[in-house]
Amino acid sequence: GKGLRWEMSPPPTDGFHVYAVDYDDKRMIWSVDGIARMMYERTPEMTKKEWPFDDPQYLLLNLAIGGAWGGQQGIDDAIFPARFEIEYVRVYG
């Protein structure tokens with residue numbers, strides 16, 4: 001939503017990090033290495049469009065190269081081949 005901003009600190013390329021999303025029926029908190037970086041709170045007047053998280057959710061892990069961030073400047077082919085390493089994924093219910 002508007003006003004949500006993700007600070008990419010520490011840089012994702014400086015080693016392995018623990019990324020987490022904790023949520024319940026009132027809020028979602030995104031953290032990196034145990035430090036909360038962003039929170040989205042549910043308010044009573046929110047519609048299903050603004051808070052769709054009561055419905056079943058799916059986990060998608062994606063590495064996008066290009067697009068609105070890197071794609072406007074072009075992609076440096078020298079970065080390839082590259083590795084996208086994920087050590088583990090845990091989901092608690």
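**Exercise 1. Determine which backbone oxygen lies 3.4 Å from a polar atom of the H17 side chain, and describe the surroundings of H17.**

Step 1. In this predicted model, the backbone oxygen of G15 is placed 3.4 Å from a polar atom of the side chain of H17. Local features here require pLDDT of at least 70 and side-chain atom pairs count only at pLDDT 80 or more, while totals for chains, interfaces and linings use all residues; residues are numbered from 1 along each chain as its sequence is written, and side-chain values use heavy atoms, with hydrogens and water left out.

Step 2. The H17 side chain also makes a polar contact with the side chain of D33, at 2.7 Å (a pair of N or O atoms within 3.5 Å; within protein, one must be able to donate a hydrogen and the other to accept it, and residues adjacent in sequence count only if both atoms are side-chain atoms).

Step 3. Once neighbours within four places in sequence are left aside, H17 is in contact with P10, P11, P12, V32 and D33, where contact means heavy atoms within 4.5 Å.

Step 4. H17 belongs to the segment before β1 (19–23), strands being DSSP runs of E with at least two residues and helices runs of H or I with at least four, numbered from the N terminus. H17 counts as buried because its relative accessibility is 18% (buried is under 20% relative accessible area, exposed over 50%, partly exposed in between, with a 1.4 Å probe and protein chains only).

**Exercise 2. Identify the residues that make up the largest nonpolar core, and relate them to the chain's secondary structure.**

Step 1. The largest nonpolar core consists of six residues, M28, W30, M38, Y40, M46 and W51 (a set of buried Ala, Val, Leu, Ile, Met, Phe, Trp, Tyr and Cys residues joined through side-chain atoms within 4.5 Å). At least two residues of this core come from each of β2 (27–32) and β3 (35–41).

Step 2. With residues up to four places away in sequence not counted, M46 touches Y40, E41 and W51.

Step 3. For the chain as a whole, 10% of its 93 residues count as buried.
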